[in-house]
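Let's walk through this model together, one neighbourhood at a time.

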Amino acid sequence: MTFAFLNRRNLIAGAALGLAAAIAGCATPPPPPQPANSRDYSAAAVASVNAIRAKKGLKPVSVDPAAAGAAVSQARRMASYRKMAHLLGPGDDFKARMKGGGVSLPAAENVATGQDSLERAIDAWVKSPKHLHNMLGDYSGMGVAVAYDASQGNRPYWAMVLSNPR
């Protein structure tokens with residue numbers, strides 16, 4: 001009786017493990033990143049961001065090439081994954097991504113999607129307390145970019161990276 005009970009227990013445990021593996025195998029992984037049409041708006045965005053900062057008595061920011069590169073990369077990644085998020089895919093890490101792009105830490109990132117112009121993207125960030133907080137933060141450099149997802153009618157994905165270049 002004990003032997004039959006153990007075999008039944010092993011059979012049930014094995015079936016449960018097999019079911020769990022089958023369910024895990026059904027999870028759809030995110031689509032692989034694909035090249036996306038993108039544009040660096042850093043130079044155009046500096047004046048708008050500095051006007052917002054000036055109203056608060058803050059020092060201006062300037063274009064940081066590393067932050068601009070990180071913004072282009074993040075906008076392209078979001079368009080490729082068809083998802084607006086700071087973290088995309090397993091193992092994604094903001095600090096590691098910034099360091100890998102040569103962006104000095106601390107850094108901040110604003111993301112947006114759907115706005116059809118730089119002005120509308122900045123306006124969306126201004127209207128969001130957390131994004132505005134980033135724009136008014138103790139940073140001296142920035143980069144802004146947009147990438148378009150052709151499969152979604154050229155839906156725009158925006159990214160802003162704020163930094164303190166050395």
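This is a predicted model: local features need pLDDT of at least 70, side-chain atom pairs count only at pLDDT 80 or more; totals for chains, interfaces and linings use all residues.

**Salt bridges, cores and a helix**

Lys127 forms a salt bridge with Asp123, and their closest N and O atoms are 3.0 Å apart. A salt bridge here is a side-chain nitrogen of Lys or Arg within 4 Å of a carboxyl oxygen of Asp or Glu. Lys127 is exposed, with a relative accessible area of 63%, while Asp123 counts as partly exposed at 36%.

Residues are numbered from 1 along each chain as its sequence is written, and side-chain values use heavy atoms, leaving out hydrogens and water.

By the salt-bridge rule, the count comes to 3. Asp116 and Arg120 make one of them, with the closest N and O atoms 2.7 Å apart, and both of these residues are exposed. Arg97 and Glu109 make another, at 2.9 Å, but here both partners are buried. This pair links distant parts of the chain: Arg97 sits in helix α4 (residues 94-100) and Glu109 in strand β3, 12 residues apart. Helices (H or I, at least four residues) and strands (E, at least two) are DSSP runs, numbered from the N terminus. Helix α4 also holds Phe94, which counts as partly exposed at 22% relative accessibility.

Now turn to the interior. In soluble globular proteins, nonpolar side chains tend to be buried together. A nonpolar core is a set of buried Ala, Val, Leu, Ile, Met, Phe, Trp, Tyr and Cys residues joined through side-chain atoms within 4.5 Å. The largest one has 20 residues, of which Trp125, Met142, Val144, Trp158 and Met160 touch the most other members. Two or more residues come from each of α2 (42-55), β3 (108-113), α5 (118-126), β4 (141-149) and β5 (155-163). Another core, of 17 residues, lies apart from it and includes Ala66, Val72, Ala79 and Met98.

The structure holds 1 aromatic pair, formed by Tyr41 and Trp158: it is tilted, at 5.3 Å centre to centre and 45 degrees between the planes. Rings of Phe, Tyr and Trp (its six-membered ring) pair if their centres lie within 6.5 Å; planes under 30 degrees apart count as stacked, over 60 as edge-to-face and the rest as tilted. Tyr41 is in the loop between β1 (37-40) and α2, and Trp158 is in strand β5, 117 residues apart. Both are buried.

Finally, find helix α3 (residues 65-81). Arg82, with a positive phi near 55 degrees, follows α3.

Conventions. Buried means under 20% relative accessible area, exposed over 50%, partly exposed in between (1.4 Å probe, protein chains only).
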